[in-house]
Amino acid sequence: MNQDVKDYVAQKAKELLSARPSCPEAKAAAQNWLDAMGTDREAEQTKKLIAELEMDIMPIDGLIAFTKSATGVRIFGEERVKKMEAHARELKEAGVKYCDCPACAAAEAILEKKDELL
C-alpha cells in the first residue's frame with residue numbers, strides 16, 4: 001500500500017474516531033489499525049478494520065428501516081426520525097448507497113480504498 005493511501009485512510013480513521021454516533025467496535029478497529037501502522041501487525045489490523053467496517057456501515061435501506069423502528073424513535077425521538085427518514089429517502093433517490101452520517105461517510109471512504117489496503 002502506498003503512503004498516500006495510508007495517509008488518506010489514517011485521516012478517515014481519525015474522522016471515524018471522532019464521529020458521533022459511531023459504533024464502539026468500529027472505533028476500536030480504527031484505533032487498533034492506527035496503532036498498528038508501521039508494525040508487523042499492520043496487515044492483520046487492516047483486515048480486521050475492513051471486516052468491521054463492512055459489518056457496521058449502514059446501507060440506506062437499513063437507515064430507512066431504522067427510522068421506522070421503535071428503537072429509532074426511542075433513541076432519536078419521533079420528530080427527528082421523521083426528518084432522518086425524509087433525508088434517507090432523498091439520498092436513496094439520488095442513488096446513495098449508505099447513510100451519510102460522519103461515521104458511515106468515513107467508513108465508506110476507507111472501504112473505497114479496500115483493494116489498495118489489502
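Leaving aside its neighbours within four places in sequence, which residues is Thr67 in contact with? Select Thr67 and keep that in mind while you set up the view.

**Before you click**

You have a predicted model open, so local features need pLDDT of at least 70 and side-chain atom pairs count only at pLDDT 80 or more, while totals for chains, interfaces and linings use all residues. Numbering starts from 1 along each chain as its sequence is written, and side-chain values use heavy atoms, with hydrogens and water left out.

**Stop 1: the whole chain**

Show the cartoon. Helices (H or I, at least four residues) and strands (E, at least two) are DSSP runs, numbered from the N terminus. The C-alpha trace spans about 50 × 25 × 20 Å along the principal axes.

Now colour by domain, with bounds from an automatic or database domain assignment. Domain 1 takes 1-57 + 100-117, and domain 2 takes 59-97. Their centres, taken over C-alpha atoms, are 24 Å apart.

The protein exposes about 7,100 Å², and carbon and sulfur atoms supply 51% of that; the areas come from the Shrake-Rupley method with a 1.4 Å probe, and for residues only the protein chains shown count as cover. Of the 118 residues, 37% count as buried. Here buried means under 20% relative accessible area, exposed over 50%, and partly exposed in between (1.4 Å probe, protein chains only).

**Stop 2: back to Thr67**

Zoom in on helix H4 (residues 60-67), where Thr67 sits. With those sequence neighbours set aside, Thr67 is in contact with Val73, Val81, Met84 and Glu85, contact meaning heavy atoms within 4.5 Å. Thr67 has a relative accessible area of 4%, so it counts as buried.

**Stop 3: salt bridges**

Show the charged side chains. The structure holds nine salt bridges, each one a side-chain nitrogen of Lys or Arg within 4 Å of a carboxyl oxygen of Asp or Glu.

- Select Lys12 and Glu15. Their closest N and O atoms are 3.3 Å apart. The two are separated by about one helical turn because they lie three residues apart in helix H1 (residues 3-18). Glu15 is partly exposed at 31% relative accessible area, whereas Lys12, at 18%, counts as buried.
- Select Glu54 and Lys114, whose side chains meet in a salt bridge at 2.6 Å, N to O. This pair links distant parts of the chain, 60 residues apart, with Glu54 in helix H3 (residues 42-56) and Lys114 in helix H8 (residues 114-117). Glu54 is partly exposed at 42% relative accessibility, and Lys114 is partly exposed at 27%.
- Select Lys82 and Glu78, which form a salt bridge at 3.7 Å, N to O. Both lie in helix H6 (residues 78-93), four residues apart, or about one turn of the helix. Lys82 is partly exposed, with a relative accessible area of 46%.
- Finish with Lys68, Glu85 and Arg89, which salt bridges with shared partners join into one network. You have met Glu85 already, among the contacts of Thr67.
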